Amino acid sequence: MEKLKFGIIGCGAISRLKHFPALMRQKDRLELRAFCDIVEERAGKACEEFGDPGARAFTDYKQMLRDVDLDVVYVLTPNVSHAELTVASLMAGCHVLCEKPMAATAADAKSMLDASRESGKKLTIGYQNRFRRDSQLLYQACRAGDLGEVYFAKAHAVRRRGVPTWGVFPDKSKQGGGPLIDLATHALDLALWTMDNYQPHIVLGTTFEKMRDQYEGNWFGPWDPKTFEVEDSAFGLLKMKNGATIFIEAAWALNVLTSREAQVTVAGTLGGAETFCENPAPNSSVETGEIVFNAMKYNRMIETRQSPVSPMITSHFGDGAIKVGDRELRFWIDAIVNDTEPVVKPQQAFVVTQVLDAVYQSAASGKAVEL
């Protein structure tokens, strides 16, 4: 098989923590041909470390798309630039994986959808938490009808003190928001995906900026309150067209006992389930996710946990590499080579962005937003 030619736009932390390690483990299927970053030194270093012979470094993505023959482009940049870079890459004839969230606004996400359809090229979004074993098992249970009609869910994305103090996370002009767009995007994706419900109807949201000066005890060290421009917590209530309801909670800093990130609670007519995952790292070599099912049996309330000594059932996704970043890449390449739909469909990711955008709109107006 001819190797796919990859180009990378954005050579910062997420590329090094998640994508480059996974890409290097799939070198029998791909070549890394181009690296682009607005910081010349960063692009050059990535090219030197990870590039194939003849690979080139750029500071201008337009020049990269003009000068290098590429099959696939990764967009790994701050949120507000996702749409511009993705649309340009698609229209240049490349398949695109864009990191989460899809875009900073629903309008931008729509432009990405339109470009994918117009160009005929595939687009997917980096929701790697779908590839955790606990997420896969919950997905299978819902598809099998084990929980009955799933009509309620909670999307958990809360840290007690976990404000990211590097990069541009607190910069609203580059990120578009705080923990809602950064963390809740994963949890909401998991909730919608497991429920298989992508028809939002009404959104009511609230955001808070209460903890800006309370930087003591932060996991990543103190932040500068003067440059903290985004919300520190946000909450949303989403009602779907069929009446199903999802509660969304997101926080970088909230005075609660338990942090829950990229986790979901779902409740159906026959049973429910909760996922638990300690600080889900995109390329961890250890599976930390756990799932607990609950149901009624023999006139008793029963909880069922996956046995720690036996592997979770992964027939839908297959076994293989245990790293979620590796699984994400493997199925993305398969979708391109076999001309099938990616696991994370762009239409699904659009609904996530649409809902989060509506939470921000509702918080600003004080009114519910109808979609």
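Helices (H or I, at least four residues) and strands (E, at least two) are taken as DSSP runs and are numbered from the N terminus. The structure described here is a predicted model, in which local features need pLDDT of at least 70 and side-chain atom pairs count only at pLDDT 80 or more, whereas totals for chains, interfaces and linings use all residues. Residues are numbered from 1 along each chain as its sequence is written, and side-chain values use heavy atoms, with hydrogens and water left out.

In this assignment, Pro101 is found in the loop between strand S5 (95-99) and helix H5 (106-119). The peptide bond that joins Lys100 and Pro101 is cis, with omega at about -15 degrees.

An open sheet is formed by six strands in the order S3-S2-S1-S4-S5-S6, and the pairing is parallel, two strands being said to pair if DSSP finds at least two bridges between them. Strand S3 (56-58) and strand S6 (123-126) are the edge strands, each of which pairs on one side only. From one strand to the next, the twist averages 25 degrees. Strand S2 (residues 30-36) pairs with S3 in the parallel sense over three bridges, and Ala34 stands opposite Arg56 in S3. In general, the strands of a sheet pair through backbone hydrogen bonds, either parallel or antiparallel.

Helix H1 (residues 13-24) has 12 residues, which at 1.5 Å a residue should span 16 Å, and this agrees with the 16 Å that separates its end C-alpha atoms; the expected span is 1.5 Å times one less than the number of residues. The buried residues of H1 are Ser15, Lys18, His19, Phe20, Ala22 and Leu23, where buried means under 20% relative accessible area, exposed over 50% and partly exposed in between (1.4 Å probe, protein chains only). His19, placed in helix H1, is buried because its relative accessible area is 4%. Not counting residues up to four places away in sequence, His19 touches Ile14, Tyr74, Leu76, Leu97, Glu99 and Glu328, contact being defined as heavy atoms within 4.5 Å. The side chains of His19 and Glu99 are also joined by a polar contact of 2.7 Å. Such a contact is a pair of N or O atoms within 3.5 Å; within protein, one must be able to donate a hydrogen and the other to accept it, and residues adjacent in sequence count only if both atoms are side-chain atoms. His19 and Asp224, which are 205 residues apart in sequence, lie 29 Å apart in space, C-alpha to C-alpha.

The axes of helix H6 (residues 133-143) and helix H8 (residues 179-195) come within 8 Å and cross at roughly 30 degrees. Axes are lines fitted to C-alpha atoms, for helices over the stretch in contact, and angles run from 0 to 180 degrees between N-to-C directions. H6 and H8 are therefore roughly parallel to each other, since angles under 35 degrees count as roughly parallel, over 145 as roughly antiparallel, 65 to 115 as roughly perpendicular and the rest as oblique. At this pair of helices, Ser135, Leu138, Tyr139, Cys142 and Arg143 in H6 meet Leu190, Trp193, Thr194 and Met195 in H8.

Thr245 has its place in strand S10 (residues 245-251) and counts as partly exposed because its relative accessibility is 21%. Although Thr245 and Phe152 are 93 residues apart in sequence, their C-alpha atoms are 5.0 Å apart in space. With residues up to four places away in sequence not counted, Thr245 touches Tyr151, Phe152, Ala153, Leu237 and Leu238. Asn255 lies in the loop between S10 and strand S11 (260-268) and, at 60% relative accessibility, counts as exposed. Under the same exclusion, Asn255 touches Arg161 and Met211, and a polar contact of 3.1 Å joins the side chains of Asn255 and Arg161.

Positive phi values, near 55 degrees, are found in the non-glycine residues Tyr298 and Asp339. Tyr298 is placed in the loop between strand S13 (289-297) and strand S14 (300-305) and counts as exposed at 70% relative accessibility. Asp339 is found in the loop between helix H9 (324-338) and H10, and its relative accessibility of 60% likewise makes Asp339 exposed. Within helix H10 (residues 346-365) lies Gln348, which counts as buried at 11% relative accessibility. Gln348 touches Arg130, Tyr198 and Val343, not counting residues up to four places away in sequence.
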